[in-house]
Amino acid sequence: MRVLIPGISGGIARKLALRLHEAGHQVAGIDIRPWEEAREVGIEVFRGDVRKRAAEDVFRRWRPEAVVHMATVTAFTVQGAERGRINLDGTKALFDHCAAHGVKQILFVGRHTFYGAAPDSPLYHSEDEPPRALEAIPELADLVAADLYAATALWRFPKLTTAVLRLPYTLGAPGTGTLASFIRGRRVPLVLGYDPLFHVLQEEDVVAALMLALEKGLRGIFNVAGPPPIPLSVIVRETGRTGIPLPAPALRLLLGRGGFPRLSVGALEHLRYPIVVDNRRFLEATGFEYQSSVADILRIYRESAPVPRS
Amino acid sequence: MSESDSLEARVERLELPFNEYGVDPYGISKRHLKQALQVFAALYRYYFRVRCFGIEHVPPRGRAMLVGNHSGGVAVDGAMVLTSTMLEMEPPRLAQSMVERFLHKFPVSSLWASRTGQFTGLPEHARRLLEDDRLLVVFPEGAKGTAKLYPQRYSLVDFGTGFIRLALQTGSPIVPFAFLGGGTAVPTVFNAYTLGKLLGVPYVPLTPYVLPLPLPVQLEIHYGEPLVFQGTGDEEDHVIEGYVQKVKARIAGLIERGRAERHGRRSGRKLLP
């Protein structure tokens, strides 16, 4: 199969590209970031923005059969209106190109934060639920919109097999992603009086789940998760970090200062309330079995991202 | 329970799928359960001197719903019901209440409610827990039930109907129970709704001594025989209402029987020299 991965230079996208390549698929990617070593293993990376004209040329010339859309960004990496443009205009461009150039299958790699963190929402979110608490975390609005927009392809482009996957936080080696960045420092801020559950998935298991979704030709919306969720305090403790519980108003002032990670004020809600997903639909559709337990995941992260010396 | 059976050992004997960190898939934590049980067991045994009857009616395993009356302006009833299943059952079981939304909004209460398995009263929570063969506690009177004033402490207000549909959909037996004494322990004379709104809670119960702190009154829990209804949960409202009234009547009967027995015991004591 000819698989195109927009956003291929990201940590997990690279692993997926290599695994697909090893499995005998032809793999290429589009990214504005370089991945110098890709060509050595026979993976072509087209440097550029998925929203630009050149990206359509890739579809026209390279003729992918499947697309794994990993070219969305979070508030951690891109600030302001540009993030919204990348997430929404980029997603629209990719789906349009898929429909115009005969792509058979697309995976939209979304995030479980779609559901929002709120005190009165169900602990386990099923795929049938609407996004909640967007007013509390406005930085998520464009990712939520991109996810909903991707799902419209299910009826707009019936010939294109579309799967929207909502993945939890990833942890592993080398430790990329939102949660990995948040707990990278020696001290990790927690909101006093709260300890939300977090769903984590090891990076290799993320790749395995995406491979399965491609192989099984998934159509629809699916939550992807591995081991049962665990409290944030356990993640902090078991990765060798020190949790610093602070009242929410004090935490707002201290974020990005005194060695604490930078975090949007809205994201504080997620340090209070859990976002946990019900993954039964994905398990039934793919037979996915995670390989790394929570203890494995935390150990791998601790070893790959040791506690920084003060 | 025997003296040698420590509270920690009872938590260890819970048949829940705890992981290597002592946390189950719902975030229930052994460590938090042990600490909470230390406090609740002391209240249960020495402060409220709770008498528990009919615990054999609570299934030792499998899904079931404990459905009873609210008694007392604060959650003394729920706390003592879950303590009763931890202390009186063999093996111990964790009862999981469907609690008011505000509990998960505030610091500390959110953490402790989550770590001890007491979740917001949402149909999604109730259905999932029952499908996982958990023991659910439901107070169908809702917040109106805890708002009962002292003179109405043995009465029942209107029941919601959602619990019956859930029981039918999940094939769960309903174990009715009566909780006695909560209304005396917290003798509410007035509910301050405006103050409650300011604090983010439905209301604040006020007592003759102002604060809703429970008095050391003896409490009683009377569990009745399980009720099993057949159906799909899609029945017409009048059918569901009929089932609700049966449960309500059974709870009312348990309250009356409990009161009569309590009265009898007290009269008997008076006859003693």
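A crossing of two helices is called right-handed if the near helix is turned clockwise from the far one by less than a right angle, and left-handed if anticlockwise. That term is needed at the second stop of this tour, which moves through a predicted model.

Begin by selecting residues 64–182 of chain B, where UniProt, in an unreviewed entry, places the feature "domain: Phospholipid/glycerol acyltransferase". Over this stretch the chain is 37% helix and 19% strand.

Next, select helix α5 (residues 123–131) and helix α7 (residues 162–170), both of chain B. Their axes lie 10 Å apart and the helices pack at an angle of about 35°. Viewed in the sense defined above, the crossing of α5(B) and α7(B) is right-handed.

Now display the side chains at this contact. From α5(B), show B:Pro123, B:Ala126, B:Arg127, B:Leu130 and B:Glu131; they meet B:Gly162, B:Leu166, B:Gln169 and B:Thr170 of α7(B). By class, the residues of this contact comprise four nonpolar, three polar and two charged.

Keep α5(B) selected and bring chain A into view. Here 20 residues of chain B are in contact with 17 residues of chain A. On the chain B side, the elements that give two or more residues are α4 (109–115), β4 (119–120) and α5. Of these, which gives the most to the side that touches chain A? The answer is α5(B), with three residues. To finish, colour this side of chain B by residue class: nine residues are nonpolar, six polar and five charged.

Key
Residues are numbered from 1 along each chain as its sequence is written. Chains are lettered from A and ligands numbered from 1 in the order in which they are written. This is a predicted model: local features need pLDDT of at least 70, side-chain atom pairs count only at pLDDT 80 or more; totals for chains, interfaces and linings use all residues. Axes are lines fitted to C-alpha atoms, for helices over the stretch in contact, and angles run from 0 to 180 degrees between N-to-C directions. Helices (H or I, at least four residues) and strands (E, at least two) are DSSP runs, numbered from the N terminus. Two residues are in contact if their C-beta atoms, placed from the backbone, lie within 7 Å. Ala, Val, Leu, Ile, Met, Phe, Trp, Tyr, Cys and Pro count as nonpolar, Asp, Glu, Lys and Arg as charged, and the others, Gly among them, as polar. UniProt positions are given in the numbering used here, feature names are shortened, and annotations may be inferred rather than shown by experiment.
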